[in-house]
Amino acid sequence: MTIDTLRLTAEAAGAMLERGEASAAELHAAYRAAIDERDPELHAYLRTVDDAERDGVPIAFKDLISTRGVETTAASKILAGYKPVFDATVATRCKEAGLPLLGKTNMDEFAMGSSTENSGFGPTRNPWNPERVPGGSSGGSTAAVAAGMAPWALGSDTGGSIKQPAALCGVVGLRPTYGTVSRYGIVAFASSLDQIGPVTKTVRDCALLYRTIAGRDPCDSTTVELPQPVELPEVADLKGLRVGVPKELNEAEGIEPGVDAAVQAAIAKLEELGAEVGECSLSLSVEYGMPCYYLIAPAEASSNLARYDGVRYGYRADAAERLEMYERTRNEGFGDEPKRRIMVGTYALSAGYYDAYYGQAQKVRTVIKREHDALFETFDALVSPTSPTVAFPLGARTADPLAMYLCDLLTIPSCMAGLPGLNVPCGLSEGLPVGLQLIGPQFAENTLFRIGHALEQAIGFDPVPERLR
């Protein structure tokens with residue numbers, strides 16, 4: 001039996017296993033063959049794993065998810081060779097669900113970036129056009145799913161690192177409500193923002209994987225029980241739902257005409273499906289979201305990355321003196337982007353500046369949360385482009401950090417508010433995927449799945465990259 005990994009959804013793969021149409025070993029072998037064929041060009045994986053112990057649908061993990069006995073580097077040379085002695089909670093839950101691990105996917109170093117070009121082990125390429133970026137920082141996971149090298153994967157999202165690469169690679173990606181998925185065993189970037197979430201081919205697959213990983217974890221005090229069970233979306237219409245269109249997110253400077261056209265067509269589809277659509281405003285969130293994020297995230301990163309000192313694990317530079325060893329280890333082990341954010345964050349937390357920078361940013365974050373909450377008194381969900389642009393050429397923004405940061409202009413505000421966000425592919429521009437961002441109030445993942453599934457069925461987007469069909 002020939003298994004078409006490019007079109008096979010995780011749900012369909014599970015049904016094949018249940019009916020005995022294919023064995024877990026055959027399924028795993030089909031994806032390994034796809035990896036062997038396509039990954040030398042795309043570099044979505046940092047390493048593959050032969051996991052024959054489980055009999056479910058295989059999965060890929062972003063390389064910041066701790067996996068016992070399997071090298072976990074967060075794509076940084078400073079963690080080269082590090083093999084955790086424990087599993088992250090999400091890895092444990094995937095094991096308990098019988099999901100064999102295919103491998104660990106590439107990413108921007110310590111999840112700092114929007115193109116997966118900041119990896120310490122080389123960039124990942126976009127399956128739709130290998131001369132373009134896949135987005136980031138979860139570009140390895142989104143590229144693997146888009147190229148049929150994994151039926152589904154886990155990524156992480158701090159300021160848009162699941163949603164944005166999902167948009168650029170033409171797959172579905174969920175950033176869950178903060179606290180619904182455990183961060184235990186995740187290599188930390190910014191602890192008040194980081195969230196693990198699914199990357200899949202369809203919205204139903206996304207709901208299935210979210211159901212597997214979500215829920216309270218005693219090892220992570222920030223987690224909570226879900227207020228309602230995760231539901232698989234079935235309804236094809238959206239009658240009774242109210243969808244807001246924030247003016248500032250939909251008319252932001254830098255949104256490409258092709259992206260705008262695809263998103264506006266998708267919004268029109270929402271109305272055809274029965275949703276009530278109305279304009280609204282997130283003026284403060286859009287104006288202050290990015291500067292607020294680039295104070296809070298680097299400040300937390302400077303604290304979290306202080307542990308990489310060459311003493312306990314990972315890379316250690318050769319030096320006669322301990323202080324010299326510490327300095328050289330960090331200088332040689334970290335790439336440019338982590339160094340940049342560590343310096344910014346350390347400055348923001350330094351004596352005499354804490355209240356003016358980090359403290360003030362936390363107050364602004366509360367304002368952003370309140371502005372979103374006020375809209376959800378009227379609307380069930382908000383909609384906008386996920387990314388202002390389609391995938392851009394490799395190397396186009398590496399010399400301009402600000403231009404790279406602007407990739408997340410539309411995803412950062414809701415991340416600062418701790419809200420769930422779902423990317424759904426909604427069309428093509430210049431032959432490259434365009435993503436629609438759906439934002440909901442806390443714990444509204446089921447609503448997002450319902451809207452995303454209905455839209456997915458109505459649009460009929462083909463997730464297989466044209467060059468691979």
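At 3% relative accessibility, C292 counts as buried, and that cysteine is a friendly place to start a tour of this predicted model.

- C292 takes part in no disulfide, and the nearest cysteine sulfur, belonging to C415, is 12 Å away.
- C426 is in no disulfide either, with the sulfur of C169 as its nearest cysteine sulfur, 15 Å away.
- With a relative accessible area of 7%, C426 is buried.
- For the structure, the disulfide count comes to zero.

**Nonpolar cores**

- In soluble globular proteins, nonpolar side chains tend to be buried together.
- Here, the largest nonpolar core has 136 residues, and those with the most contacts inside it are I65, F110, L154 and L422.
- Helix α9, which covers residues 283–304, gives this core its largest share, nine residues.
- Apart from that core lies another of seven residues, including A391, F392, M404 and C407.
- What does I65 touch, once its neighbours within four places in sequence are left aside? I65 is in contact with T72, A88, V90, A91, K104, L154, G185, I186 and I196.

**An enclosed helix**

- Helix α6 runs over residues 203–213, and nine of its eleven residues are buried, so the helix is largely enclosed by the rest of the structure.
- The buried residues of α6 are V203, R204, D205, C206, A207, L208, L209, Y210 and I213.
- Just after α6 comes G215, which takes a positive phi of about 125 degrees.

**Cavities**

- Rolling a probe the size of a water molecule over the atoms shows where empty space is left.
- How many cavities of 30 Å³ or more does a search of the whole structure find? The search finds three.
- The largest cavity holds about 60 Å³ of space.
- Sorted by class, the lining of the largest cavity has six nonpolar, two polar and one charged residues.
- The second largest cavity has a volume of about 40 Å³.
- Its lining is made up of A111, G113, S114, G159, S161, F189, Y293, Y294, R341 and D408.
- By class, the second largest cavity is lined by four nonpolar, four polar and two charged residues.

Conventions: Residues are numbered from 1 along each chain as its sequence is written. This is a predicted model: local features need pLDDT of at least 70, side-chain atom pairs count only at pLDDT 80 or more; totals for chains, interfaces and linings use all residues. Side-chain values use heavy atoms; hydrogens and water are left out. On a 1 Å grid over the protein atoms alone, a cavity is a set of points where a 1.4 Å probe fits but cannot get out, and a pocket is an open set with protein on both sides within 12 Å along at least five of seven lines; lining residues have an atom within 4 Å of a point. Grid points are joined across faces, edges and corners, and a volume is the space filled by probe spheres set on the points. Ala, Val, Leu, Ile, Met, Phe, Trp, Tyr, Cys and Pro count as nonpolar, Asp, Glu, Lys and Arg as charged, and the others, Gly among them, as polar. A nonpolar core is a set of buried Ala, Val, Leu, Ile, Met, Phe, Trp, Tyr and Cys residues joined through side-chain atoms within 4.5 Å. Buried means under 20% relative accessible area, exposed over 50%, partly exposed in between (1.4 Å probe, protein chains only). Helices (H or I, at least four residues) and strands (E, at least two) are DSSP runs, numbered from the N terminus. Contact means heavy atoms within 4.5 Å. A disulfide is a pair of cysteine sulfur atoms within 2.5 Å.
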